[in-house]
Amino acid sequence: MIRTAVYPGSFDPITLGHLDIIHRAAKLFDKVVVTVAVNPQKKPSFSPEERVDLIRRATQGMDNVEVQICSTLIVDFARSIGAVAIVKGLRALTDFDYEFQMALVNRNISQEIETLFLTTSAEYMFLSSSAVKQVAYYGGDISHFIPECICGDIQKRLHANSTEQ
Ligand code: ADP
């Protein structure tokens with residue numbers, strides 16, 4: 001049996017912190033489906049298609065990693081593709097409260113899908129997509145935060161936004 005995990009998030013855009021979780025999850029499962037969650041309540045900087053493209057480029061060569069968009073409940077999506085687990089990254093106590101609540105809600109909806117928390121690697125503890133966007137907006141160097149192959153595009157795009165306003 002192929003054991004598949006879903007790794008959901010906004011990935012707006014993908015950071016080295018996300019990529020680290022993907023690498024580690026890909027060692028634990030036969031297949032990892034990175035899932036770009038479409039949340040109408042959030043105002044993303046990148047469209048879902050752009051986020052998928054950035055993640056695909058960042059995970060190129062990782063044979064057991066796929067990227068998909070999901071606009072339904074994550075547990076429903078996980079069930080529909082036969083996944084056994086939802087993987088989440090934990091940075092600090094601040095992530096914990098929300099993620100713990102979500103995990104319990106998801107368990108309530110679907111008993112057969114486990115939520116697995118992977119602890120952030122220490123160097124990415126303070127790294128978030130929103131921090132990257134702040135730095136890029138002001139033209140700062142984001143190369144320590146973003147996979148190298150997509151760094152230029154993200155920098156250009158987010159900095160360009162700032163000059164348009
Ligand atoms: P963000 O909070 O950066 O907007 P996302 O919604 O895209 O994050 O996060 C998707 C998942 O990745 C969540 O489980 C989140 O906790 C995790 N994650 C985000 N950044 C990191 C990081 N630097 N280290 C470990 N996990 C992370």
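Select Pro13, which lies in the loop between strand 1 (4-9) and helix 1; helices (H or I, at least four residues) and strands (E, at least two) are DSSP runs, numbered from the N terminus. The peptide bond that joins Asp12 and Pro13 is cis, with omega at about 0 degrees. The model is a predicted one, in which local features need pLDDT of at least 70 and side-chain atom pairs count only at pLDDT 80 or more, while totals for chains, interfaces and linings use all residues. Residues are numbered from 1 along each chain as its sequence is written, and side-chain values use heavy atoms, with hydrogens and water left out.

Now move to Phe11, which is placed in the loop between strand 1 and helix 1. Phe11 is not a glycine, yet its phi is positive, at about 50 degrees. Phe11 counts as buried because its relative accessibility is 1%; buried means under 20% relative accessible area, exposed over 50%, and partly exposed in between (1.4 Å probe, protein chains only).

Next, select Asp12 together with Arg51 and Lys133: a network of salt bridges links these residues. A salt bridge is a side-chain nitrogen of Lys or Arg within 4 Å of a carboxyl oxygen of Asp or Glu. By this rule the model holds eleven salt bridges.

**Helix 1**

Select residues 16-28, which make up helix 1. This helix has 13 residues and reaches 19 Å from its first C-alpha to its last, close to the 18 Å expected at 1.5 Å a residue; the expected span is 1.5 Å times one less than the number of residues. At the start of helix 1, the backbone nitrogen of Gly17 has a side-chain oxygen of Thr15 within 3.1 Å. Colour the buried residues of helix 1, among them Leu16, Leu19, Ile22 and Ala26. An α-helix has 3.6 residues a turn, so residues three or four places apart point the same way.

**Salt bridges to display**

Show the side chains of Asp153 and Arg57, which meet in a salt bridge with an N to O distance of 2.8 Å. This pair links distant parts of the chain, 96 residues apart: Asp153 belongs to helix 6 (residues 148-164) and Arg57 to helix 2 (residues 48-58). Asp153 is partly exposed because its relative accessibility is 37%, and Arg57 is partly exposed at 29%.

Continue to Glu99 and Lys88, whose salt bridge has its closest N and O atoms 3.3 Å apart. Here Glu99 in helix 4 is linked with Lys88 in strand 4 (residues 85-90), eleven residues away. Are these two residues buried or exposed? Glu99 is buried, with a relative accessible area of 10%, and Lys88 is buried as well, with 18%.

Then select Glu114 and Arg107, where the N to O distance of the salt bridge is 3.6 Å. Glu114 counts as partly exposed at 41% relative accessibility, and Arg107 is partly exposed with a relative accessible area of 41%.

**Around Ile113**

Select Ile113, in the loop between helix 4 and strand 5. Ile113 counts as buried because its relative accessible area is 3%. Which residues is Ile113 in contact with, leaving aside its neighbours within four places in sequence? They are Val75, Ala78, Arg79, Ala83, Val84, Ala85 and Ile86, where contact means heavy atoms within 4.5 Å. Draw a distance from Ile113 to Ala78: these residues are 35 residues apart along the chain, and their C-alpha atoms are separated by 7.8 Å.

**Around Thr120**

Thr120 sits in the loop between strand 5 (114-119) and helix 5 (129-137). Thr120 is buried, with a relative accessible area of 16%. Beyond its neighbours within four places in sequence, Thr120 is in contact with Arg24, Leu90, Arg91 and Met125.

**Two final selections**

Select Ala160 in helix 6, a residue that is partly exposed at 30% relative accessibility. Ala160 and Gln101 are 59 residues apart in sequence, and their C-alpha atoms are 38 Å apart in space.

Finish at Leu104, found in helix 4 (residues 93-109) and partly exposed at 47% relative accessibility.

Technical notes. Polar contact = N/O pair within 3.5 Å; in protein donor to acceptor, adjacent residues only side chain to side chain.
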